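The following exercises are to be worked through with the sequence and the structure at hand. Each task is followed by a solution in steps.

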Amino acid sequence: MLRISLAVFLGFVLSGCARDSEADLRARLDGWFRLGETLYFKSTRQCTAASFRLTNIEPFPVFVVQRNMDAAVAAFRKGPVAAIRMPRFSPHDVADAMLLQGDGAFGKEALRAAARSYPCLEGSLNDSYMHVALMRRGALLAFDRESEGLMVLDPVQERLFYVAGAI
């Protein structure tokens with residue numbers, strides 16, 4: 001009985017060490033994207049990284065995707081979520097260019113989230129898949145201020161990547 005109690009206690013303690021739970025993250029993203037199966041999920045106190053198969057590559061209409069950088073900067077200033085998709089540019093290109101738009105906040109936050117999440121990606125196959133998505137022209141780039149999470153939707157892989165890291 002002591003062994004079972006100890007195992008239950010350790011389960012509660014260790015689950016409290018994660019930044020996010022898979023269920024909570026799915027619940028947050030389900031309002032914006034048509035998620036299928038979870039392909040990767042890792043969360044520690046410092047970071048979260050996840051990828052999900054998409055059942056449809058278009059976000060729900062409530063998730064407004066901007067088509068130019070000025071509109072994305074304005075959306076970033078106004079609301080909790082900003083997204084941009086430009087057919088001729090990759091999310092990497094867009095993030096770099098966003099550093100020079102306005103005060104550069106959108107680009108800085110996107111790069112910060114990616115850098116802070118690296119420990120949750122390092123050594124995983126998901127790291128390679130996300131790198132491909134970041135370099136894919138026409139992939140969607142989004143930032144959620146509330147969770148400080150970066151999202152990349154790769155329409156070719158039909159995957160949504162989410163990464164976030166602690167301050």
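The model is predicted.

**Exercise 1. Determine the order of the strands in the sheet and identify the strands at its edges.**

Solution. 
Step 1. The open sheet consists of six strands, and reading across it gives the order E1-E2-E6-E5-E4-E3. The pairing is antiparallel.
Step 2. Strand E1 (34-43) and strand E3 (81-84) each have a single partner strand, so one side of each is left without a neighbour in the sheet.
Step 3. On average, with direction ignored, neighbouring strands of this sheet are turned by 15 degrees against each other.

**Exercise 2. Describe the pairing of strands E4 and E5.**

Solution. 
Step 1. Strand E4 comprises residues 140-144 and strand E5 residues 149-154.
Step 2. Five bridges join E4 and E5 in the antiparallel sense.
Step 3. Asp144 stands opposite Gly149 in E5.

**Exercise 3. State which strands helices H2 and H3 lie across, and at what angles they run.**

Solution. 
Step 1. Helix H2 (residues 22-30) lies across E1, strand E2 (47-56), E4, E5 and strand E6 (159-165). Relative to E1, helix H2 runs at about 140 degrees.
Step 2. Helix H3 (residues 69-78) lies across E3 and E4. Relative to E3, helix H3 runs at about 170 degrees.

**Exercise 4. Characterise the largest pocket by its volume and its lining.**

Solution. 
Step 1. The volume of the largest pocket is about 300 Å³.
Step 2. Its lining contains 19 residues, and those nearest the centre are His92, Leu111, Ala114, Met130 and Leu134.
Step 3. Two or more lining residues come from each of helix H4 (91-98), helix H5 (105-116), helix H6 (118-121) and helix H7 (125-135). The largest share, five residues, is given by H7.
Step 4. By residue class, the lining divides into 14 nonpolar, three polar and two charged residues.

**Exercise 5. Locate Phe60 and decide whether Phe60 is buried, partly exposed or exposed.**

Solution. 
Step 1. Phe60 is found in the loop between E2 and H3.
Step 2. The relative accessible area of Phe60 is 27%. Buried means under 20% and exposed over 50%, so Phe60 is partly exposed.
Step 3. Leaving aside residues up to four places away in sequence, Phe60 touches Asp30, Gly31, Trp32, Phe33 and Arg34.
Step 4. Phe60 and Asp30 are 30 residues apart in sequence, and their C-alpha atoms are 9.2 Å apart in space.

Notes
Residues are numbered from 1 along each chain as its sequence is written. This is a predicted model: local features need pLDDT of at least 70, side-chain atom pairs count only at pLDDT 80 or more; totals for chains, interfaces and linings use all residues. Side-chain values use heavy atoms; hydrogens and water are left out. Two strands pair if DSSP finds at least two bridges between them. Helices (H or I, at least four residues) and strands (E, at least two) are DSSP runs, numbered from the N terminus. Axes are lines fitted to C-alpha atoms, for helices over the stretch in contact, and angles run from 0 to 180 degrees between N-to-C directions. Contact means heavy atoms within 4.5 Å. On a 1 Å grid over the protein atoms alone, a cavity is a set of points where a 1.4 Å probe fits but cannot get out, and a pocket is an open set with protein on both sides within 12 Å along at least five of seven lines; lining residues have an atom within 4 Å of a point. Grid points are joined across faces, edges and corners, and a volume is the space filled by probe spheres set on the points. Ala, Val, Leu, Ile, Met, Phe, Trp, Tyr, Cys and Pro count as nonpolar, Asp, Glu, Lys and Arg as charged, and the others, Gly among them, as polar. Buried means under 20% relative accessible area, exposed over 50%, partly exposed in between (1.4 Å probe, protein chains only).
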